[in-house]
Every structure is written in C-alpha cells, then in structure tokens.
Amino acid sequence: MVSVVEELVGRRKGYRFLRVRRCDGLKGEVRVSGAKNAALPLLAASLLVERFELENFPVLLDTLYALRILELLGREVELLPGRVSVKGGISSVRIPYEISSLFRGSLLFLGGLLGAVGRAEVAHPGGCAIGSRPIDQHLKFLSHIGAEVELEGGFVKVKLPPEPKARAFTFDLITVTGTENALLTLAGLRGEFELHNAALEPEVLDLVEFLKKLGLEVEVKGRSFLVRSPGRENLKREVSHRTIPDRIEAGTFLVAGALLGEPLTVKGLEVSHLGAVLEKLREAGAEPEVLSPSEVRIRRVERPRALEVQTAPYPGFPTDMQAQFMAMLTLADGVSLIVENIFENRFQHALELARLGASVEVRGKTAIVRGVERLKGAPVNATDLRASAALVLAGLVAEGETVVGKIGHLLRGYEDLDGKLRRLGCDAELF
Ligand code: EPU
C-alpha cells in the first residue's frame, strides 16, 4: 500500500517547471515555515524516543523523504496539519541507496540510529551537487570513540562500542551535520563528552534543546559542547518539540522584499538568527524594519548598492543565502564581489542568471557581479536548491516570463513557495 508520505512525494515529483512573470510588487504579509535543516536532525532524533511530536513541521520533499526513512525503519508516521507524530519500534537499521541518494539529510539517520540502537547501515548520501561534500569528519568522530566503521558496497556500516573509547573530539573543520551526527550518537552513550570546533548554526542549537528535553545536559561554551547523557535506556520516552522558523526561507523573502516590497512583511521568523543577512540588506540600501522579534517589514530599494559578501559558518553570512543575494546584486548599481568559502561548486546559478541578462564572472571561489539595469525573462534550469530560489527571485523582476526547469530542487527545500508568492500578488505557477 502506498503511504500518505509516498503519495505526497509523488505529487511533488510530478512537477517539472515553475513559471513566473514579472511582478509589479509584493504586497502584504507572508509567514515563514519551520526550518528544513532543523526538522531533518529532529526527525533523526525521533528514533531516540518511543513517541515523538513535531510542531511547525514543513512539508517539503526533503522532510517527506525523511519521514519515508522512518517508515522504512519500521516506525509509524502520522502527518497532521502543521505537525507530525512518530511512534512505534525500530525494525531495521538499514537505509537503502534509493532513498539516501535523494538528499544529504539522510546522513543524519546514521547518528539517529547509533544513538537509538548502537548500529546503522546507511548508503552514502546524495543532495545538492554544490561540492564534493565528503563525510570524513563524521567517520573520524565515530572511529575516534571506538566505533567499528566499515565501508562496503556503498554503505557506511557502523557499530558503537558499549562505552566511548575517548571522551573528547575536535572537528578539523566546522560541519553542521557532522556536529549533529556526533550529538545524536552521544545521546545513546552514558557519560560525559567534549566536542570542540562544533557548528553553532541555530538548527544545531535547536537539536541541543531537543536533546535536553530527552534528559541530556549540554553546556555550550564558544565552539565547544560539554555533553552529559544518561545513556539510551534512561532517556525520556515521549517528547514534543516545535521546529524553529526557517531563516533561509525568511532571508529569501527579505531579498524578494528588497526587490519588490510594497511593503512586504515577513512574519514568523526569528530576527536573532538573521543578523548577517539583515546587515547586508541594510548595506545594499534596504531598510528592513524590525517590527517585533518575529516580524520584519521591508520595501523595495530603488536600485540596490553593490556589496562585498563572504560566506562563513554561523553567525557569519550563510552560504544558503549566497545565490539569492547574487540574484539581487545582478541589478545593483556597481560591481559586487561574492566569496563562497563553504562549498567549492556553489556558483552554478551564475550561468543561469546570465541567461536572464546578468553579468557574473566566476574566478575560483569569487564571483564578480557587474550590476545591469534590467533582466529579461528566459527559460533557465535550477542547478541546486538555493540556486532555484535565486532564479525565481530574478524571474520576478525580469521582463516577461521566466520558466525555471528542474524545479524538483526547489520543492526539496521550500514549502509552498509558489502559493506564498501568489498570495502576495505575483504570478507563479508550478506545472
Ligand atoms: N566537510 C568535509 N568533511 C565532512 C563534512 C563536511 O570536508 O565530513 C566540508 C564540506 O564539504 C563543506 C564544509 O565542510 O565544504 C561545510 O559542510 P557542512 O558539513 O557544514 O554541510 P552539511 O552539513 O552537509 C548543512 C546544510 C546545508 C548547508 C550547510 C552549511 C543540512 C541538511 N544541510 O550541510 O544546507 O549549506 O550545512 O551551512 O543541514 C541547503 O539547505 O540548501 C543546504 C545545502
């Protein structure tokens, strides 16, 4: 029988394109959804408890894939408006290639399974092709604590020892899902552990808050976490949680507002998570007004000022907002420099933006964006998730019609973007 989750996946997979027409202005209010990159580790963490409920749950392809993984592992999933509940036992520890190859977040179930039952077999993950995206740090942590790690037939097979061999680990570089996987694994092991050079993205800290509800103690000092777990058999059995707002969706709408706001109010966000993005919008000449800790109003800028933007781990400027800012800066007055420090292949949207008339030159990890006065609609292809958002933004200001192909990328990470744009007065249609 086809599950509800499979049916929702099938419906989204039926779409190939998003058509947008030049929009005169975005007027009114839009509410951001729960964060994809927070929901994914929380769904992996749901393996640690018997009954789990997540509010503010974003229904999009990546989170539906994650629910499908939970079903394949034997759990019962119930999707209700705005929330999801998961219960039942774990009957398998194997995540097949057909599902793990669909999204990077599948790798988080490695940590979830290890925390919950001490064993996991996960096929190497897929996801956006924005760089080589190795998983060496995830595996280095596991070997360091004495896990048996085997790579066989495209699967990572891991068995945890009853007690960790070491009590501290320092990541060689800052990795978001690497930190999350370590936290999920440690939840199952009794005792104290120090993690150093950890990622501090709000999504990581949201997972920490969830783990505290389960009975872990976690102290965050700079980039170090001191974790104390009571061990998997002493964790709380039933937990509910609310997903934090999606700061990248919020940022995407704020850029849309800087281009077309009449004005646009973005609601349900968390202002404190958007510091670097709001700062850069101000530098570009926009005047985002913080109406409350969860609401920002923004109006269109006559012509954005050129910027220098460097991506960095949180609290720096997010790599997940780089493409959307590039879309805005194609129309800036002057030459902008964008340096992508996180992923080595995350400028593929530059070529697609050029089809709309943008002038972007990529030299290694720097993109030089020479502002033009107007863009013209054209057929383009989404190359990854955030690239697809950038093309939609550019399409909304380009003359005529823009058809964005390979729209599956967008549907992996945005909940109802087309519907939200329509309700703000723009023409956006999936087909
Ligand atoms: N890296 C390694 N070895 C590792 C892990 C990472 O070399 O073992 C490198 C990566 O290749 C990259 C850098 O470290 O150059 C940072 O990667 P990180 O591990 O932090 O990225 P991720 O955990 O795979 C998450 C988000 C991404 C987001 C990045 C950076 C999820 C599911 N994904 O990916 O989100 O761009 O952190 O903030 O949380 C998106 O939503 O569009 C997206 C790509």
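Strand β23 (residues 401–405) is largely enclosed by the rest of the structure, because four of its five residues are buried, where buried means under 20% relative accessible area with a 1.4 Å probe and protein chains only. The model is predicted, so local features need pLDDT of at least 70 and side-chain atom pairs count only at pLDDT 80 or more, while totals for chains, interfaces and linings use all residues. Residues are numbered from 1 along each chain as its sequence is written, and side-chain values use heavy atoms, with hydrogens and water left out.

**The neighbours of strand β23**

- Strand β1 (residues 18–21) runs antiparallel to β23 and is joined to it by four bridges; strands are DSSP runs of E with at least two residues, and two of them pair if DSSP finds at least two bridges between them.
- Strand β22 (residues 379–381) pairs with β23 in the parallel sense over three bridges, and here Val-380 stands opposite Val-404.
- From β22 the chain passes through helix α13 (residues 385–397) to β23 in a right-handed β-α-β crossover; a helix is a DSSP run of H or I with at least four residues, and right-handed means that the path from the first strand over the helix to the second runs clockwise when the strands point away from the viewer.

**The ligand**

- The ligand is surrounded by 22 residues, and the closest are Asp-136, Thr-175, Thr-177, Asp-320 and Ile-342.
- A polar side-chain atom of Thr-177 lies 2.6 Å from an oxygen atom of the ligand, and a backbone N or O atom of Ile-342 lies 2.5 Å from a ligand oxygen atom.

Notes
Buried < 20%, exposed > 50% of the residue type's maximum accessible area, 1.4 Å probe, protein only. Near = heavy atom within 4 Å. Polar contact = N/O pair within 3.5 Å; in protein donor to acceptor, adjacent residues only side chain to side chain.
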